[in-house]
Amino acid sequence: MTAQTVTSAGPSTGSARTYDVRTHGCQMNVHDSERLSGLLETAGYVDLASLPASERPAVADVVVFNTCAVRENADNKLYGNLGQLRPAKLANPDMQIAVGGCMAQKDRGTIVERAPWVDVVFGTHNIGSLPALLDRAAHNRRAEVEILESLEVFPSTLPTRRDSAYSGWVSISVGCNNTCTFCIVPSLRGKEQDRRPGEILAEIEALVAQGVVEVTLLGQNVNTYGVEFGDRLAFGKLLRACGEIQGLERVRFTSPHPAAFTDDVIAAMAETPNVMPSLHMPLQSGSDAVLKTMRRSYRSAKFLRIIDAVRDRIPDAAITTDIIVGFPGETEEDFQGTLDVVRAARFSSAFTFQYSIRPGTPAATMEDQVPKAVVQERFERLVALQDEMSWVENRRLEGREVEVLVSPGEGRKDTETRRLSGRAQDNRLVHFAVPDGAPVPRPGDAVTVAVTYGAPHHLVADSGLEGGAYSVRRTAGGDAWAALQEQPTGSRKPAVSLGMPSLGRPSPAAAAAASACSVG
């Protein structure tokens, strides 16, 4: 990569300083990291991974940890990673280390106390401040800690360096108004704030113009979108409006809350062709007693009614979930309730977690903490049941044709198995074979194949080798990916795109536009 002059990136060495953003946690963090990368590149930094291997230093000039406070042992992992960087910092005092995200928002000054070689600590509400904080820390030769209590600017206003040429995240809201006793996110991300529908659609249209064929709408509780401007049907309207965008082939969203999941959203999913037949619906527990203690404002019967209603309108929908095992007070009877719901719901897959104490949450101080050995045993039974259910559901698809959006890096064994991989419309992972002499799809292209084997965690589609279905459809996403590969050097990621205006309660005129979900 051609060296650039540093205008706002700490001590100048005559060439651009490098950066490395390391992400932990949820999809919201992944999207925030795209914003952090965009900010750093706008300030003159260069992605470490974009440099040729022969020119790449062992450690970047700036290492940014975008942290999570929800995952198990998140703090231990952070301080372990920081400890590993200490020798590099001692060897190069001009190197800078920044810690952001939910852990930074929660622990604040504790991070600098435990790891005094950290240069910058910033929170979830002020990721746009990172370049300035790095400058300030370099100038003052001391750690800069800046944690805001409310959102400074909506993330969509910031420049972005997206990871994918053909698929993109689009944030429709930030924050959460719920009070689940196991979750610390509301205190770290704040109350829900919604973007105006016109701005969301304008961002999606801009992405499509760049070659994106798939978008995922993001929100802590994505289906409560519209609470700020008083339209409880806004999310369904937004899905329908996405269906009007030419060139947008796939629309996904994550994660909805069962308590706010309404029939109009199911209808919008069923009636909008580019909204994919996949749904991630967090269950957390199948026990009504545990759900009440968790402050989850639904019960197992309602959850299953939603699943039935989705399958009634979208029979082939793949439904995934989150489940916590061993929540304080959970009895064997409660756990059996979870197993019963898993059997009835027929999830295609589940993200299963063993409960562990999160300081700062109401559940952390509850009595009747379940012994670790009991939690482990229940967890193993749940995983075994879900694997069985996933396998049964995947075997049902054998012989069926699926359209796969090809992606790089999805299949760890693709090279040795001579397959490519991607996601079906229902978001199942598919590994497929390319027949000799047949066209080879690019990432971002669509391939139609037939499933030859349903494994517990993926599908195999070798139909092309047996004279069966195999066809490739070139897409704008594949074109966008191919264009990046023609660059002589670089990270082969899309160029930094400018942010779009958004934050604040809509004016009466904007609210009227919101109800129609028209681009304003």
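Is R346 buried, partly exposed or exposed? I looked this up before anything else. R346 has 31% relative accessibility, so R346 counts as partly exposed. The scale I used calls a residue buried under 20% relative accessible area, exposed over 50%, and partly exposed in between (1.4 Å probe, protein chains only).

**Ground rules**

I am working on a predicted model, where local features need pLDDT of at least 70, side-chain atom pairs count only at pLDDT 80 or more, and totals for chains, interfaces and linings use all residues. Residues are numbered from 1 along each chain as its sequence is written, and side-chain values use heavy atoms, with hydrogens and water left out.

**Backbone entries**

I went back to R346 for its backbone. Phi of R346 is near 55°, a positive value in a residue other than glycine. R346 sits in the loop between helix 12 (332-345) and strand 14 (349-354). Helices (H or I, at least four residues) and strands (E, at least two) are DSSP runs, numbered from the N terminus.

I noted N427 as well: its phi is positive, about 75°, although N427 is not a glycine. N427 is in the loop between strand 16 (419-424) and strand 17 (429-433). Its relative accessible area is 34%, so N427 is partly exposed.

I then checked the peptide bond between T254 and S255, which is cis, with omega about -10°. S255 belongs to the loop between strand 11 (250-254) and helix 9 (263-271). I logged these entries because most residues other than glycine have a negative phi, and most peptide bonds are trans.

**Salt bridges**

I took a salt bridge as a side-chain nitrogen of Lys or Arg within 4 Å of a carboxyl oxygen of Asp or Glu. By this rule I have 35 salt bridges.

I looked up E146 and R136, whose closest N and O atoms are 3.5 Å apart in a salt bridge. E146 is in strand 6 (residues 144-146) and R136 in helix 5 (residues 130-140), ten residues apart. R136 is partly exposed, at 37% relative accessibility.

I next looked up D316 and R400, whose side chains form a salt bridge at 3.2 Å, N to O. D316 lies in the loop between helix 11 (300-313) and strand 13 (318-325), and R400 in the loop between helix 13 (372-395) and strand 15 (401-406), so the pair ties together parts that are 84 residues apart in sequence. D316 is partly exposed at 48% relative accessible area, and R400 is partly exposed at 37%.

What is the burial state of R442 and D445? Both are buried. They form a salt bridge with the closest N and O atoms 2.9 Å apart.

I also found a network of salt bridges that links E330, E332, E377, R378 and R381.

**Second largest pocket**

Rolling a probe the size of a water molecule over the atoms shows where empty space is left. I used a 1 Å grid over the protein atoms alone, where a pocket is an open set of points where a 1.4 Å probe fits, with protein on both sides within 12 Å along at least five of seven lines, and lining residues have an atom within 4 Å of a point.

The second largest pocket holds about 390 Å³ of space. It is lined by 22 residues, and the closest to its centre are D316, L397, R400, D426 and R428. Strand 13 and strand 15 are the elements that give two or more residues to this lining. Strand 15 gives the largest share, three residues.

Where does the second largest pocket lie? Domain 2 (155-396) and domain 3 (400-486) both give residues to its lining, so the pocket lies between them. The domain bounds come from an automatic or database domain assignment.

**Helix 1 and one distance**

I checked two residues of helix 1. S33 is in helix 1 (residues 27-42) and is buried, at 6% relative accessible area. Its side chain makes a polar contact of 3.0 Å with the side chain of N66. A polar contact is a pair of N or O atoms within 3.5 Å; within protein, one must be able to donate a hydrogen and the other to accept it, and residues adjacent in sequence count only if both atoms are side-chain atoms.

R35 is in helix 1 too, buried at 2% relative accessible area. A polar contact of 2.3 Å joins the side chains of R35 and T160.

Conventions: Grid points are joined across faces, edges and corners, and a volume is the space filled by probe spheres set on the points.
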